[in-house]
Amino acid sequence: MARIRHIGRRRIHLAATDSTNSRAAELVRDPAHAGTVVTANHQLQGRGQYGRTWESPPGVNVLLSALLFPPEELRRPAVLTAFAAVAVAETILHATGRQSSIKWPNDLLIDRAKACGILIECGASGNRPGTEETIAPHAIVGIGLNVNQSAGDFARAGLPDATSLSVAAGRLHDVKGITELLIEKLDVEYDRLLNGNLADLEARWASRVGLLGRPASAELMDGTEVRGHLTAMSLGGLTLMREDGKSRHLQPEEVRHLHLIGDRRG
Ligand code: BTN
């Protein structure tokens, strides 16, 4: 096994919990927990993006949260999401031989179906209410990676657009082994980031989003839509050249979804 430098030096595994992100959040007062990974066989109140729930049957998928105290230049949801997404894509490739794509901003797709969701929860510095105890700025990187759910399981759960490593590869996987692999990939990618390799991450992330030069539609957080050719994309945002010849730059935080025009799944 590779030497772990940051993420996964400490592990907490739970048979069942409400949410691994909530368990990781309880550790923020102790900087010694930087890089601690919390995993669970089962979550009773798993959280997804935009206040949604994240449902997963017991024991068949990876449910993981990593607590990080990133330096200021990395403390941006766009960067942390991209680093986690690239680590998951590398895990999928290593485990199944399959390439995945990143659906802006937080999903990993295999064969255009969702195999993984990422939830980044950031916390500012401050004092614990009523105490002198300080809390450093932190981020919790929550990852739900579908490993052994079958196509039938997804259909019964009303999730026809979901997939798993086993569906993609045609065989079951060892969930513990996939968890180890994911922790290793997260650690490698985070180490690169800490060493200043943001441009390298950005390039690998952008190639997996894969929409550059194509007609795309950005759904914005305020409910409006911007359509145009995607002329630039970076962790600092994206630029769409609209039909009227005007270009529009959007910050990552403004964009809720980005997809190919005519393909709401991709
Ligand atoms: C999404 O909506 O796509 C994001 C889903 C994130 C789910 C993971 S499972 C582990 C961690 N704990 C949670 O409560 N949520 C994240």
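This tour moves from the ligand to the nonpolar core and then to the salt bridges.

The model is predicted: local features require pLDDT of at least 70 and side-chain atom pairs pLDDT 80 or more, while totals for chains, interfaces and linings use all residues. Residues are numbered from 1 along each chain as its sequence is written, and side-chain values use heavy atoms, without hydrogens and water.

Select the ligand. Display the polar contacts (N or O pairs within 3.5 Å). A ligand nitrogen lies 2.8 Å from a side-chain N or O atom of Q43, and a ligand oxygen lies 2.6 Å from a polar side-chain atom of K114. The protein covers 99% of the 420 Å² of accessible area that the ligand has on its own (Shrake-Rupley, 1.4 Å probe).

Next, select F83, I143, L145, W205 and L258, which have the most contacts inside the largest nonpolar core, a set of 61 residues. Such a core joins buried Ala, Val, Leu, Ile, Met, Phe, Trp, Tyr and Cys residues through side-chain atoms within 4.5 Å; buried means under 20% relative accessible area, exposed over 50%, partly exposed in between (1.4 Å probe, protein chains only).

Finally, turn to D200. Salt bridges (Lys or Arg side-chain nitrogen within 4 Å of an Asp or Glu carboxyl oxygen) connect D200 with R204 at 3.4 Å and with R192 at 3.9 Å. R204 is buried at 18% relative accessible area, whereas D200 is partly exposed at 33%.

Methods
A polar contact is a pair of N or O atoms within 3.5 Å; within protein, one must be able to donate a hydrogen and the other to accept it, and residues adjacent in sequence count only if both atoms are side-chain atoms.
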